[in-house]
Amino acid sequence: MTEETMFTTIGDVVLIFGILLATSISIWATMVVATLLYPVRAAKVARSLETSPWKVIGRGTVITIPSILAILVLANIPNPIVKFLALVFAFIFLGMGALGASGLVRWVSERVHETGSGLSVYGSITRAAALIVGAANIPFFGWFFIAPLALLASIGALSSGFFGRSTPSAPFAGETQP
């Protein structure tokens, strides 16, 4: 192996690692911000996750599969306007996933807060988001099981939490509802 090939390979590995790290930090920050910006909605979404998780995942599957298929079909049409629409729909879908993930973060942060770790509300929310993102980054199991399950749960919880009739959960100790 030549010296030039070795540097290309090392550069590729560093590039992939950097992309994964930047993506993970972005997803973590989005989850934290969505949870903090919409505390009442996040509590409502968390409550729907807590009361019927399998129903929520099923609803997420019913919404996610046609949405992804529609985005893929639109992206493969050779019209730039339609491709742009596919990109807009993909961003809307990912934004919905982030809002649904705020409920997942809220649900996990309630469990973290209950452990008596002495963390503040913000601390438990950031730790919960880090736990979810870290679990999704586990090779193979996280990539192909935890991350898709979290996406399905997020989308399903968003639909049932935003459009369902569930009531929001009680606030954390010291937290006020707007």
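In the predicted model, the contact of helix 2 with helix 4 brings Pro 39, Ala 42, Ala 43, Val 45, Ala 46, Arg 47, Leu 49 and Glu 50 of helix 2 against Gly 100, Ser 102, Gly 103, Leu 104, Arg 106, Trp 107, Glu 110 and Arg 111 of helix 4. By residue class, this contact comprises 8 nonpolar, 3 polar and 5 charged residues. The axes of helix 2 (residues 39-51) and helix 4 (residues 80-114) approach within 7 Å and cross at roughly 75 degrees. The two helices, helix 2 and helix 4, are therefore roughly perpendicular to each other.

Salt bridges link Arg 47, Glu 50, Arg 106, Glu 110, Arg 111 and Glu 114 in a network. In helix 2, the side chains of Glu 50 and Arg 47 form a salt bridge with an N to O distance of 1.8 Å; these residues lie 3 apart, about one turn of the helix. Arg 47 is buried at 18% relative accessible area, whereas Glu 50 is partly exposed at 35%.

Arg 106 and Glu 110 are 4 residues apart, about one helical turn. Arg 106 is buried, with 2% relative accessibility, and Glu 110 is buried as well, at 9%. Glu 110 also forms a salt bridge with Arg 111 (3.5 Å, N to O); Arg 111 is partly exposed at 31%.

Overall, the protein chain contains 6 helices and 0 strands. Of its 178 residues, 34% count as buried.

Conventions
Residues numbered from 1 in each chain as written. Predicted model: local features only at pLDDT ≥ 70, side-chain atom pairs only at ≥ 80, totals over all residues. Heavy atoms only, no water. Buried < 20%, exposed > 50% of the residue type's maximum accessible area, 1.4 Å probe, protein only. Axes fitted to C-alpha atoms, helices over the stretch in contact; angles between N-to-C directions. Parallel < 35°, antiparallel > 145°, perpendicular 65-115°, else oblique. Contact = heavy atoms within 4.5 Å. Nonpolar A, V, L, I, M, F, W, Y, C, P; charged D, E, K, R; others polar. Salt bridge = Lys/Arg side-chain N within 4 Å of Asp/Glu carboxyl O.
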